[in-house]
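Hi,

Here is the structure I promised to pass on to you. Have a look at it first, and then read my notes below.

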Amino acid sequence: MGYRKADAILPPEVVALIQQYVDGEYIYIPRREGKRRSWGETTGCRRETRERNRLIYLEHCSGAGTEELAEKYFLSSKSIQRIVTEEKRKMQKRTDTA
């Protein structure tokens, strides 16, 4: 998201209309419905988080404890438990459909 000067891109009458509601403040103009991107779509964060969670689950299955994983991945024990539960559910769902 970038900032652009309204008076450089909008007609003066549109700027005047907007100034009736907000004068000298920043406003966010959302993307149109069809142009929205989901979280992590452009940065790769979603993919990295998915891979991290998969590794956490595999390490847990190999005997790593919740506290050990929490310390290693800088997460709370509760987060590790949630990740393990979600990943386990995903694995069961895959085996059920196969």
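Which residues does Glu87 touch, not counting residues up to four places away in sequence? They are Asn53, Arg54 and Tyr57, where contact means heavy atoms within 4.5 Å.

Before the rest, some ground rules. This is a predicted model, in which local features need pLDDT of at least 70 and side-chain atom pairs count only at pLDDT 80 or more, while totals for chains, interfaces and linings use all residues. Residues are numbered from 1 along each chain as its sequence is written, and side-chain values use heavy atoms, with hydrogens and water left out.

On confidence, the average pLDDT (the predictor's confidence in each residue, from 0 to 100) is 89 for the protein, and 90% of the residues score at least 70.

Now the overall layout. The protein has five helices and zero strands; these are DSSP runs numbered from the N terminus, with helices being H or I of at least four residues and strands being E of at least two. Of its 98 residues, 16% count as buried (under 20% relative accessible area; exposed is over 50% and partly exposed in between, using a 1.4 Å probe and protein chains only).

Back to Glu87, which sits in helix H5 (residues 77-97). Glu87 has a relative accessible area of 6%, so it is buried.

How do H3 and H5 meet? Their axes come within 9 Å and cross at roughly 90 degrees (axes are lines fitted to C-alpha atoms, for helices over the stretch in contact, and angles run from 0 to 180 degrees between N-to-C directions). That makes H3 roughly perpendicular to H5 (65 to 115 degrees; under 35 is roughly parallel, over 145 roughly antiparallel and the rest oblique). On the H3 side, the residues in contact include Asn53, Arg54 and Tyr57, and Glu87 is one of those from H5.

The other pair is helix H3 (residues 45-61) with helix H4 (residues 66-73), whose axes come within 10 Å and cross at roughly 150 degrees. H3 and H4 are therefore roughly antiparallel to each other. Here Arg52, Leu55, Ile56, Glu59 and His60 of H3 meet Leu69, Lys72 and Tyr73 of H4.
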